[in-house]
Amino acid sequence: MSCIRGLPVMASTTQKLMKRAFRDRIGSAAGFTLLELLVVIVIIGLLVGYVAPRYFSQVGKSEVQVAKAQIDGLEKALDQYRLDTRRYPSAEQGLEALIARPSNEPNWNGPYLKKAVPPDPWGHAYVYRTPGRNGDFDLVSYGRDGKPGGSGEDADLGIY
């Protein structure tokens with residue numbers, strides 16, 4: 001070892017070896033091997049396979065809740081229409097009578113909805129019938145499949 005101004009200086013070969021060892025250590029830690037990347041991709045795939053079905057089942061449940069809330073809102077609008085006109089809209093007038101004044105309704109005091117009658121969460125029109133099976137009217141969504149009957153998300157929702 002030699003000294004410059006009282007400080008020890010390593011020989012140039014020792015310095016080169018230390019720099020190379022440091023570079024090798026940093027270089028190997030800076031990247032990932034193909035195997036490590038594949039392991040991470042498999043783990044992410046397993047997580048997606050586990051979480052995705054749970055997420056999409058929640059989406060279906062929320063669509064059912066939205067349909068129930070919309071039916072409740074439409075029922076309240078129909079009741080308000082009945083208070084003003086002393087009857088529910090006819091089958092020919094349909095739910096559009098909640099938005100636009102029918103030509104033969106002098107006591108109409110609407111609109112009874114702020115916006116147009118919405119489709120159900122699956123994009124189908126609500127079915128309005130009067131007289132209803134068990135009451136003055138039926139207001140029904142046929143569910144995801146848009147057909148009468150079914151179960152789960154395809155089940156009929158509404159007022160009978």
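**Close-up views of a predicted model**

**View 1. The buried side of helix α2.** Start with the residues of α2 that are tucked away: Gly60, Val64, Ala67, Ile71, Leu74, Ala77, Leu78, Tyr81, Asp84 and Thr85 are its buried ones. Keep in mind that this is a predicted model. What do the buried residues of α2 pack against? Their partners are three strands: β3 (127–129), β4 (138–141) and β5 (157–159). As a general point, an α-helix has 3.6 residues a turn, so residues three or four places apart point the same way.

**View 2. Helix α2 from end to end.** Here is the whole of α2, residues 34–85, which makes 52 residues. From first C-alpha to last, α2 reaches 74 Å, close to the 76 Å expected at 1.5 Å a residue. Look for a kink of about 25° at valine 51, shortly before proline 53.

**View 3. The protein as a whole.** Stepping back for a moment, you'll find two helices and five strands. Reading from the N terminus, the order is β-β-α-α-β-β-β. The protein has 160 residues, and 24% of them count as buried. Its accessible surface comes to about 11600 Å², with 60% of that belonging to carbon and sulfur atoms. Among contacts between residues at least 6 apart in sequence, 35% join residues at least 24 apart.

View 4. Serine 141 sits in strand β4. Is serine 141 buried or exposed? Its relative accessibility is 0%, so serine 141 counts as buried. Leaving aside neighbours within four places in sequence, serine 141 is in contact with Ile71, Asp120, Trp122, Tyr126, Ala155, Asp156 and Leu157.

View 5. Why is the pair of tryptophan 108 and tyrosine 112 called edge-to-face? Their ring planes stand at 90°, and over 60 counts as edge-to-face, while the centres are 5.6 Å apart. Tryptophan 108 is buried at 9% relative accessible area, and tyrosine 112 is buried too, at 13%. Another pair, tyrosine 128 with phenylalanine 137, is tilted, with 6.0 Å centre to centre and 35° between the planes. Tyrosine 128 counts as buried at 10% relative accessibility, as does phenylalanine 137 at 6%.

**View 6. Three salt bridges.** How many salt bridges does the structure hold? There are three. Side chains of opposite charge can pair when their charged atoms come close.

- Aspartate 72 bridges to lysine 76, with the closest N and O atoms 2.7 Å apart. Both lie in α2, four residues apart, about one turn of the helix. Aspartate 72 is partly exposed, at 36%.
- Arginine 87 bridges to glutamate 105, where the closest N and O atoms are 2.2 Å apart. Both residues belong to the loop between α2 and β3, 18 residues apart. Arginine 87 is partly exposed at 32%, whereas glutamate 105 is buried at 6%.
- Aspartate 138 bridges to arginine 129, with 3.4 Å between the closest N and O atoms. Aspartate 138 is buried at 1% relative accessibility, but arginine 129 is partly exposed at 27%.

How values were computed. Residues are numbered from 1 along each chain as its sequence is written. This is a predicted model: local features need pLDDT of at least 70, side-chain atom pairs count only at pLDDT 80 or more; totals for chains, interfaces and linings use all residues. Side-chain values use heavy atoms; hydrogens and water are left out. The expected span of a helix is 1.5 Å times one less than its number of residues. The bend at a residue is the angle between axes fitted to the seven residues ending there and the seven starting there. Buried means under 20% relative accessible area, exposed over 50%, partly exposed in between (1.4 Å probe, protein chains only). Contact means heavy atoms within 4.5 Å. Rings of Phe, Tyr and Trp (its six-membered ring) pair if their centres lie within 6.5 Å; planes under 30 degrees apart count as stacked, over 60 as edge-to-face and the rest as tilted. Accessible areas come from the Shrake-Rupley method with a 1.4 Å probe; for residues, only the protein chains shown count as cover. A salt bridge is a side-chain nitrogen of Lys or Arg within 4 Å of a carboxyl oxygen of Asp or Glu.
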